[in-house]
Amino acid sequence: MKEGRSGMARRASEQAEAAKAPPRFFQLIPPTVNINFIRIRLRMLIISWILILIGLASIWMKGGLNYGIDFSGGTLVHLRFAQAAPVSGVRDAVESKGLEGVVVQAVGPEEREYQIRATTGGEGESDQTAALIQAGVREKFAENTFEILRIEAVGPKVGRDLWRSAALAVLAATVMMGIYIAIRFDFRFGVGAAVAVLHDVLITLGAISITNLEFDLTTVAALLTVVGYSVNDTVVISDRIRENLRKMRRESLATVMNLSINETLSRTVITGGTAIIATAVLFWLGGPVIHSFAFTMMFGFIVGTYSSIFIASPIVLYLERDTRRKT
Amino acid sequence: MKATYRLVLALVFAAVSIVLLVPTLVQPAPEWWPWKQAIRLGLDLKGGTHLLYGVDVDAAVDATLDRLVTDVERVLREAQVGAATVERQGKTLTAKLANQDKRTQVADVMRQQLGAILVEQPAPDTGGLLVYGLTPPEVQRIRDNAREQALQIIRNRIDEFGVAEPVVQAQGSSEIVVQLPGIQDPQRAKSLIGRTALLEFKMVAQGPDAGTTDKPGPGIQVLYGRGPSGAREPYLIQRRTLMTGDVVTDARLSQGSITEGTAVDFTLDARGTKQFGDATRANVGRNLAIVLDGIVASAPTIREPITGGRGQITGRFTFEEAQDLANVLRNGALPAPLKLMEERTVGPSLGQDSIRRGLISIGIATIVTIVFMAIYYRGGGLIADVALVFNVLFLIGTFAAFGFTLSLPGLAGIALTIGMAVDANVLVLERIREELTAGKSARAAIDAGYERAWAAILDSNVTAFISGVILFQFGSGPIRGFAVTLCLGILTSLLTAVWGTRMIYDLMTTGRRVTTVSV
C-alpha cells in the first residue's frame, strides 16, 4: 500500500505534496466506522417484531385500515366553500338527505375544504349519491357558494377487483424481487430480501393505520415503490457482501457482513437521505390528494433503509447456520 | 466511443429535449417552432371526468337467442316436420314437437341449417323436448361483437357531444373506459353515454280489453311517461312492438316552432317507411306510443297514414335533451345495456392546484439534492449535479416526445427520481473515495470506482425497474403515470448518472495529467 502510494507520488511530481497526505473528505459517516450491526441483530429483530405487532394490533382494533373508496366502494365529494363553513353544518346538510355511512372530513384548518363520503353509489345509471350530497350542501348553505374539486364514485365490484389486483401486485413484486436476487446472488439472499420487504410492508401498513391515513390505490402504488426501494437498498449491501466474500475467504460470514454493512453505510445513509427528503417535500407541499401517498413512501423508505441493515443480512445469517458456508 | 463524440451526442439530446419542451413551457409556442405538441396531462391535472362502464354482454347473448326463436321456427316450418313450439329458456332454445316421430329428422335439419351456431344439448327425459344452445365460439363472437358495437356507438355519441380529445377505450373483456377532459358536470354526459336508446313504436291499448293500470288486460303492459303537467303518468300499452329504432336513418332537432319544448324529427329507411305506413294506416284515430328505453316519450293520435317515412317525437324536451335524443337515435341503440361502475371527476381548480404543488415539490427536491451533493462531494458532486439536470431534462423530454401522459403521481415520480437518481453517483463517488483512501491514483480510483460500483448500480436499478413494471401492470390512469415516470427515470438516470458523469471525467482527464480528484 505504502509503496504504491509513494510510487504514484513520484510520477505526479508537481502534486507530490497533496498525494502524500491521506485524502480527506467531507463525511457524515467516518470511514473508520465499525458498528457491530450483526451482534445487535437479535435486539433489532425484537424491536421490529414489536413495531409489527403494534401496527397489526392497531389494524385489528380499528377493524381494518381506513379504506378509501377505491377499495370500499362508495362516493366521495371533495368541495371548497367560498367562505368558511362549520363542520357540523356540513354534516347536518348531508345527513338531511338520508345517505348511508356519511363521513365529513375537513381538509386544512380553514373550514373551507371538505371531503364528504358516503358508502353508497358508484354503480348504475340511477345513482344520485353525489348529486344528493351537493343538493344537501347547496340547500343548507344558500348564500355560501362552493366549488367541486373532485368527485369519485366506485362501485362495489370495481372495489373488490382493485383490492384483489393490489394485493396481487404487492405479492408479485416481492416474489419477483426475491427470484431476481436468488438468481443474481443466491437463494438465501433472495429469502433475506423478501423477508425484509415483507417487514417493511407490514410496519408501513401499521403506521398508516396508527396515523389513520386513507388507504387507497395511490397508497398501494407507494407501497410498491417502497418494495422497490427496500430491495434496491438490500441489493447494494448484498453486492458488497458478495464482493468481500470473494476477497476474504477466511473470515466468518458474520464478520464479512458486518464489514460490508459498515463500508456501504455512508452510501446507505446518503441515498436514503436524499430519497427521504424528496418524499418529505411531497408530504409537506404535495397537497391533500397525494398526502397518504407521500407519507407511505417517506415512512416506507425509512423502514426500508433500516431493514436492509438490520433485517435482510441477519436473515441470511440465520439461514446460514445450518448449511455451512460454501464460498 | 471517444468522450468528445459522447459529449456531442449528449448536447444534441439536450437540444432536442429543449425543442420538445418549449410548447409545454411557452404557451402559445411561436408559429415557426418545429414541435407543436405540449406534454399531455392526465385528467387529475387538467380536470375532467373518467367513467368506467361494464357492457352487459350476457344480455346481448340473450337477445340473440330471442331473435333465433323466429329463425328456428322458420327452419322447422320450411322442413315440414310438423307443428313445433320454440321458446327460449335461459341460455337455451327448446323446441317442442307435436309429432315425436319426426325427432331425428328435425335434428338433421337443424344441424344442416343452423349447425354453425346452435348445438344440440342433452334434453330432459320427459316431454320429448329438443334443447339447443349456442356454440361456444358463437357466444364469444356475440360478446365481442356487443362490446365492439357498444364501443363504436359510444364513440359516435361522444364525438357528436363535442368534447376536446375524448378517450373511448376497451378494457378487459367487457369494459369500456371513457375519459372526457374539461367536463365539470358529468351528469349529462353520463345519461348520454349510458342510455340504451332502444326506440320502440307500440299501440296504446283501447277498449274494454285494455283493463286498468292496476290490472292490465292480456298482452297489455303499463308504461310510464311524462304527462302534460310534467308529472309521471301511466299508459296502457300493447306488448307487441310494431317497429324498433333500428330503421331510423337520421334524427335532427325539429325546425318547426313547438310551443312545449323542442321536438326531434326522424327519417326512416325503406323497410321502416313501409312498416310505419302499414301500421299507421291500420290504426288511424288511435294513439301511437313512442317508447324510449321503456319510457313513453309521447303518444300522439294518428290522424292519417304516415307514408313519407318521417315522424316527430315531442316530449316536452329541453333543448339539450332534444339534442342528446337526436344524437342517440342517429347513432343507434346499444346492443346491450351499459352499467356505470366507476366515476372520477376532477375540477379544474384542483388540477391547477396539483400542478402547482407538483412543480414546487420538484423544484425544492432538485435544489435540496443539488446543494447537498455539491457540499458533500464538492467537485464530484457538481458533476453529479450536471448529470441530474440533464436527467430531468431528458426525462421530461421523453414525456413530450412519446406522448406519455403526465399525472399527479407522475409529478411525484419525477420528484422521487431526483432523490433517487443520485444513488448511482453516490455509489461511484463513495467507491472512488474508498479507492483513494486505499492509495490509488486519481485516474485509477475513478476507473475502479466506476467499474466496481457497476454491479451494485445494475442490480439495484433492475430491481427498482421490476417494481415499476409490476406497478404499471397493476395500476390504471394516474398510477400508470407514476410507473412510467419511475421506469423512465431509471433509464435516464443510468444514462446520465453513469455514462454521462463518466464522460465528464474522461473529458477532464484526457490529454493531461490529473493527480487529484475532488470528491
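So, the interface: 66 residues of chain A are in contact with 65 residues of chain B, where contact means C-beta atoms, placed from the backbone, within 7 Å. Bear in mind that this is a predicted model, where local features need pLDDT of at least 70, side-chain atom pairs count only at pLDDT 80 or more, and totals for chains, interfaces and linings use all residues. Residues are numbered from 1 along each chain as its sequence is written, and chains are lettered from A and ligands numbered from 1 in the order in which they are written.

Back to the interface. On the chain A side, the elements that each supply at least two residues include helix H7 (156–184), helix H9 (217–247), helix H12 (291–322) and strand E5 (146–154). Helices and strands here are DSSP runs numbered from the N terminus, with at least four residues of H or I for a helix and at least two of E for a strand. By class, that side has 40 nonpolar, 16 polar and 10 charged residues. For the classes, Ala, Val, Leu, Ile, Met, Phe, Trp, Tyr, Cys and Pro count as nonpolar, Asp, Glu, Lys and Arg as charged, and the others, Gly among them, as polar.

The axes of H9(A) and H12(B) come within 10 Å and cross at roughly 20°; axes are lines fitted to C-alpha atoms, for helices over the stretch in contact, and angles run from 0 to 180 degrees between N-to-C directions. That makes H9(A) roughly parallel to H12(B), the label for angles under 35 degrees, while over 145 is roughly antiparallel, 65 to 115 roughly perpendicular, and the rest oblique. Who touches whom? A:Leu217, A:Thr218, A:Ala221 and A:Thr225 of H9(A) meet B:Ile479, B:Phe482 and B:Leu486 of H12(B). Those residues divide into 5 nonpolar, 2 polar and no charged.

H12(B), residues 478–509, also pairs with H1(B), residues 3–25: the axes come within 9 Å and cross at roughly 135°. That makes H1(B) oblique to H12(B). From H1(B) you get B:Ala3, B:Arg6, B:Leu7 and B:Ala10, facing B:Gly500, B:Met503, B:Asp506 and B:Leu507 in H12(B). The tally there is 5 nonpolar, 1 polar and 2 charged residues.

Now the packing. The largest nonpolar core has 215 residues, and those touching the most other members include A:Leu224, A:Met298, B:Ala289 and B:Leu329. A core is a set of buried Ala, Val, Leu, Ile, Met, Phe, Trp, Tyr and Cys residues joined through C-beta atoms within 7 Å. Apart from it lies another core of 13 residues, B:Leu76 and B:Tyr132 among them.

The cut-offs are 20 or more for buried, 12 or fewer for exposed, and partly exposed in between, with C-beta atoms placed from the backbone. B:Val291 touches B:Glu200, B:Lys202 and B:Leu223, among others, not counting residues up to four places away in sequence. B:Thr212 sits in the loop between strands E9 (199–203) and E10 (220–226) of chain B, and B:Thr212 is exposed, with 11 other C-beta atoms within 10 Å.

Definitions and conventions. Contact = placed C-beta atoms within 7 Å.
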